[in-house]
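Please open the model in a viewer and keep the selection panel at hand.

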Amino acid sequence: MLDAQIVAPMTHVVRYVWVAALVLAACAPAPLAGTDLGATDAPDFTLTDGVTGRAVTLSAQRGQLVALTFLYTSCPDVCPLTAARFRAAQAELQADASRVTFMAVSVDPDRDTPQAVQDFSTAHGLASNWFYLVGGRGQLSPVWAAYGIGVQAGSSTVTHNDAVYLIDARGRERVLLHSEDLATDLTNDLRALLKS
């Protein structure tokens, strides 16, 4: 039988090892949902915010997380749902929402006028930390290409990818989500990136 003088200190050591393991597990970064983009630098661009008329540069958002998507204001399905998920994420993040910039790039340069963008933003309750970027086809096409967004305009609709890129505070692409992932993964991934 082990001597009590040996067992008591061993019990303390085991307890300390267990506590240290819990602390380390709590400090480990949470896994991100969606497609891991390997922390490569996000392609930079400058476009005009349709809400304010100001020029907005992606790299100027460093220090903030960025949720970047591609929308059009007359979209009947995925775009309004994405906007609704952005608004829900802002509400769910509460005070941390101020550390995230939500950004949409137009895929419909012909119809996404400043008035259409303002109406869309108001209808979806997006105002704080929100940009809806517009421009001519010549300005928007290089941004679409840099992010792998295929755009095919029809007479009243635009077919495009439903990508949402999460870009960390250092300007690196971290994860790619799609519309079906947003309800479960958007807020969780943003929280995980805020902690990292």
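Which residues does Phe70 touch, not counting residues up to four places away in sequence? Select Phe70 and display its contacts (heavy atoms within 4.5 Å): they are Val105, Val107, Val143, Trp144, Tyr147, Ile149, His160, Asn161, Ala163 and Tyr165. This is a predicted model, in which local features need pLDDT of at least 70 and side-chain atom pairs count only at pLDDT 80 or more, while totals for chains, interfaces and linings use all residues. Residues are numbered from 1 along each chain as its sequence is written, and side-chain values use heavy atoms, with hydrogens and water left out.

**The core.** Next, select Phe45, Leu68, Phe70, Val105 and Tyr147, the residues with the most contacts inside the largest nonpolar core, which has 52 residues. Such a core is a set of buried Ala, Val, Leu, Ile, Met, Phe, Trp, Tyr and Cys residues joined through side-chain atoms within 4.5 Å. Strand β4 (residues 65-71) contributes the largest share of this core, six residues.

**The sheet.** Switch to a cartoon view, with helices (H or I, at least four residues) and strands (E, at least two) taken as DSSP runs numbered from the N terminus. Eight strands form an open, mixed sheet in the order β1-β10-β9-β4-β5-β6-β2-β3; two strands pair if DSSP finds at least two bridges between them. At the edges, β1 (35-41) and β3 (55-57) each pair on one side only.

**Helix α3.** Select residues 114-123, helix α3, which lies across β4 and β6. Ala116, Val117, Phe120 and Ser121 are buried here (under 20% relative accessible area; exposed is over 50%, partly exposed in between, with a 1.4 Å probe and protein chains only). Seen down the axis, the buried residues of α3 fall within an arc of 130 degrees, so they line one face of the helix; the arc is that of the directions from the helix axis to the C-beta atoms. Thr122 and Ala123 are exposed on the other side of α3. Just after α3, Gly125 takes a positive phi of about 65 degrees.

**Helix α4.** Finally, select α4 (residues 137-146), whose buried residues are Leu140, Val143 and Trp144. Their arc around the axis covers only 100 degrees, which puts them on the same side of α4. Gly138 and Ala145 are exposed on the other side of α4. The cover over the buried residues of α4 includes β2, β4, β5, β6 and β7 (151-153).

Note on methods: Axes are lines fitted to C-alpha atoms, for helices over the stretch in contact, and angles run from 0 to 180 degrees between N-to-C directions.
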